Amino acid sequence: MPRIIDSNYSDYQTKTYQDWFLVVFFVVIAYSVSYTLGIYEFITGLLNSIKLQWLSEILISLIFAIIPFIIFAARRQLDLRLEIQRRKNLLEDYRNYTNQIHKVFEAVDDVVVQTDDSLRIIWANNLAVEQFEEPIGAPIRQFLYPDEDNIPPDSYLLKSFENGTVERQVKFYVAKSEKEKDRYLEHTAIPFKDTNGDVVGVTSISRDITEKMQVEESKSRLASIVESSEDAIFLVSQDGSIHSWNKSAENIFDYKAKQVVGQQVTILDHIIDFETLITIPQLGGQSNVAKRIQHVDMVPVRKKDTTIYVSLTVYPFVDETGKVLGFTTIARDITSAIKAEEALRESESRFRQLADTIEDAFWLIDWEKQKYLFTSPSYSRIWGREPASDEFDLYEWAMAVHKDDRKRVVEATLKIIENNGMVEEFRVVDNNGEIRWVRDRAFQVYNSKGEAYRVAGIAQDITENKLAEQALRESETRFKELFQNMSNGVVVYEQIDNCRDFIVKDFNEAAEFIENKSKYEVFGKNLKSILKNERNFIIIDELRQVYETGKPASYLFTLYHDEPFSQEIKGWRQNYFYKLPTGEVVSIFEDVTEKRKQDEALRESEERYRTFVTNFKGIAFRWTPDYKPIFMHGFVEEITAYDVSEFISNSVNWDSVIIPEDLKLVKDQRAYIKLNPGRSVEFEYRIARKDGKTRWLNESLLNVSDDDGNIIFIQSTIYDITQRKIAESDLLSSRQQLRNLALHLDSVREEERKQIAFEIHDELGYLLTAVKLDIAWLVKKIDTSKDNLEVKIREMSDMIELTIQKVRTISSQLRPSILDHFGLVAAIDWQSKEFQRRTAIRTKFVVTPKDLSVAEYLATPIFRIFQESLTNISRYAKASRVDVYLEQSNNKVILKVVDNGVGIDPDKIYHQDSFGLLGMREKAKSMGGEVTIRNLGLARNGEGEDQDSMFGGTEVILSVPHNGKISGDKL
């Protein structure tokens, strides 16, 4: 137990000095007063009269010193009482802190014990009591090191106790009986110290991590198999991105793992034919493919100056619900087989020798003749029997398959040619009745003509893997039973978007009961979409802190109703948060609503009352349920010009000062607040002052009810918001003026561009053409053979021709004449081709209907918005393709520009510095339309996309009424 901290030494020293000062001070005062009043002489004379003069000095000193000593004793008595009370408070705080810590340890699934300085157990949680018999008072060695006479010197307990640090140790415990299992336990020792920093005990936490260690070992084995495989193995997720890439994939495709992991699978387009990607839907990025194995042989792969051939096998992997999570692709280099089939037959003996050494069973069948061509020695070991003859009898072979799997395996075998192969996992039964699990993969073998004429297969004994999977499922089942049967609600969260939000990964039955929500209503959803009310988002901050620090935390959470911005409290939840090694955050909580409701209601009532009466600059009303005034105070006369007494006496009714047009709104809000106890409303309306002036008011209404829900009175607060309303009106007017000015400037600039383009194209172009004609005339009139005049004149002619081309280019950039002469459709078509020629980005333009026409005053702003979209694509998108659509639908002209680039950052769509996008929206608004911009990669849900759809990029959609009018000046 921590020691009670004594008072500071300096405080006692100060009080000592004060006491000495008081003694000296009162003695001096006593002597001074006695001399002044003659008391000292009186006492001295009395003692002289009785012949006790020698006692006079001592007795007088004692008599007058008793006063400061009485004061000193009273002062000490007061200090003693204060010190006793302080020590009681400290002791109570310590007991509360200890109880809280014990409650936390009782809630966890770990074995927790606390020891004193002799390492004897002084406290243990329920799990430790159930596991150990009578642990309290016993040495901790008796339970953690039962086979040792003393705690080993390198024990984490001794290290923590001697060094005063947190120590951890993972130990492996061998099962002592057949009923038990081998276990891995992670032990953690946490020292606790007294005020002097001395270790006075240790808290030991033991956690069973057997499942974790088994999973890690399984993952390690799987990774070793993948990395050591001679086949290229890589994993593609549903969104088309590559997640893993083994060494053989680096060798076959000439890409390092760091170059492709995280990239789209289309990065392989330039080395694998695009038609091949389409035949393999998973590689083409489709997500609505059948959940079956796909196999393609003889896929050409271009490697620098050579081409190799691979066979591709793609199969989906699914979660427990059957949902496809991604696809595993195995690519095997079959170049040698394709180019040298004859050499392969000549080296068949070497192949057989190699097949004899592998543990997997390999077989080769002439499918047309139904004959075995080859079976490896492992065939009999895996199937438990040899083939009866060289003839391949499917039904005889199938007799080795377990009867429950036999029908499925036979059907798959019959469709090997149709399905381009087969991959099946099933059970086999040998002649001794022993059952083993086998993974059998069959595939076609092609001849030099590309015809499938043989079927080969590899069978692998996966019995150990299946047993491990079964053990893991049983372990998960036990965990789920414990998780679902807990009395407290438990929610598992996973962070997203750098802890800006969390999604629900699991939700037990107690949580369903407390929150009155089904697990499937919240599973996989983010907290912001579940909670809805921003006032509830504070729990995200608590989860973020636990995630970032890794430290558990306890938090009392006030839950508000789901309606956005609602202030009505739904309840209270006492939460305990902690972080799992997987990075997930767990919340264990209980409903404490009933316990908190009365205290919270009283606190809110007191808070509202203090708000009304402290520094209130508005008007506070209290009404009866029938809206008769009970009291009214505040700035009544300043706001209304009426005296308070006029309203309280009801000589002036509050409704009579409300502007008639706003009276219905006020009455509707009053009716709502009467029908909804515990709710509050806020609204704005106008009143007419006594002097005839109009004022804007903001009123908040709140009903105060008893325990039965009956309204006791209605509280109202009113503020004068006239100045704010005037400022809002001025701001709106100013914004409209600025918008009109911008439109006018844009219109003037467009006219100037048109005029300058006309002058450059027509006048300057005509002059340059005339100069060129004059030079041609001079050539005919003079002798060009002298002084190299012919070369010089040709150079001048070429320079003038180049100048004419520059003039045309500058003119079209200022304002394309095709827009004025041929309309919007021709201008967009020309600009699309020009954009493709200038940037090498493939651009496609589609117009519907073909004869679509747009008014001239709408054509220019639409064309400028289109130009701005292309400018943004060339600068930021990193796209390789742009699709442009112009169509008329429902009396609207719709322009859609779609690229397959990196996609716009959603935060920049409405950013204040995105002036180009702001100009596009303003131009659209001036035509009565709108511009919608979105990131396709974020908006697309990944379902139902065809093979030609793009998987990222930005979409810009302009929608304008076909007969729209330009607001303000025409552009």
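This is a predicted model: local features need pLDDT of at least 70, side-chain atom pairs count only at pLDDT 80 or more; totals for chains, interfaces and linings use all residues.

Q: Why is Arg544 called partly exposed?
A: Arg544 has a relative accessible area of 23%.

Q: Which class does Asp541 fall into, and why?
A: The relative accessible area of Asp541 is 39%, so Asp541 is likewise partly exposed.

Q: What makes the contact of Arg544 and Asp541 a salt bridge?
A: The side chains of Arg544 and Asp541 meet at 2.9 Å, N to O. The cut-off for a side-chain nitrogen of Lys or Arg and a carboxyl oxygen of Asp or Glu is within 4 Å, so the term applies. Both residues lie in helix α21 (residues 538-549), three residues apart, about one turn of the helix.

Q: Why are Glu515 and Arg573 said to form a salt bridge?
A: Their closest N and O atoms are 2.8 Å apart, and the criterion is within 4 Å. The pair links distant parts of the chain, with Glu515 in helix α18 (residues 509-515) and Arg573 in strand β19 (residues 569-579), 58 residues apart.

Q: Are Glu515 and Arg573 buried or exposed, and why?
A: Glu515 has a relative accessible area of 16% and Arg573 one of 5%. Buried means under 20%, so Glu515 is buried, and so is Arg573.

Q: Why does the contact of Glu646 with Lys690 count as a salt bridge?
A: The closest N and O atoms of Glu646 and Lys690 are 3.7 Å apart, and the limit is within 4 Å. Glu646 lies in helix α24 (residues 644-648) and Lys690 in the loop between β23 (680-688) and β24 (694-705), 44 residues apart.

Q: Why does Glu646 count as buried?
A: The relative accessibility of Glu646 is 19%; the class requires a value under 20%, so Glu646 counts as buried.

Q: How do you know that the span of helix α31 agrees with its number of residues?
A: At 1.5 Å a residue, the 22 residues of α31 (residues 856-877) should span 32 Å, and the end C-alpha atoms are 31 Å apart, which agrees. Lys878, which follows α31, has a positive phi near 55 degrees.

Q: What makes β6 and β7 paired strands?
A: Pairing requires at least two bridges. Strands β6 (residues 232-237) and β7 (residues 242-245) have three, in the antiparallel sense, and Val236 stands opposite Ile242 in β7.

How values were computed:
Residues are numbered from 1 along each chain as its sequence is written. Side-chain values use heavy atoms; hydrogens and water are left out. Helices (H or I, at least four residues) and strands (E, at least two) are DSSP runs, numbered from the N terminus. The expected span of a helix is 1.5 Å times one less than its number of residues. Buried means under 20% relative accessible area, exposed over 50%, partly exposed in between (1.4 Å probe, protein chains only).
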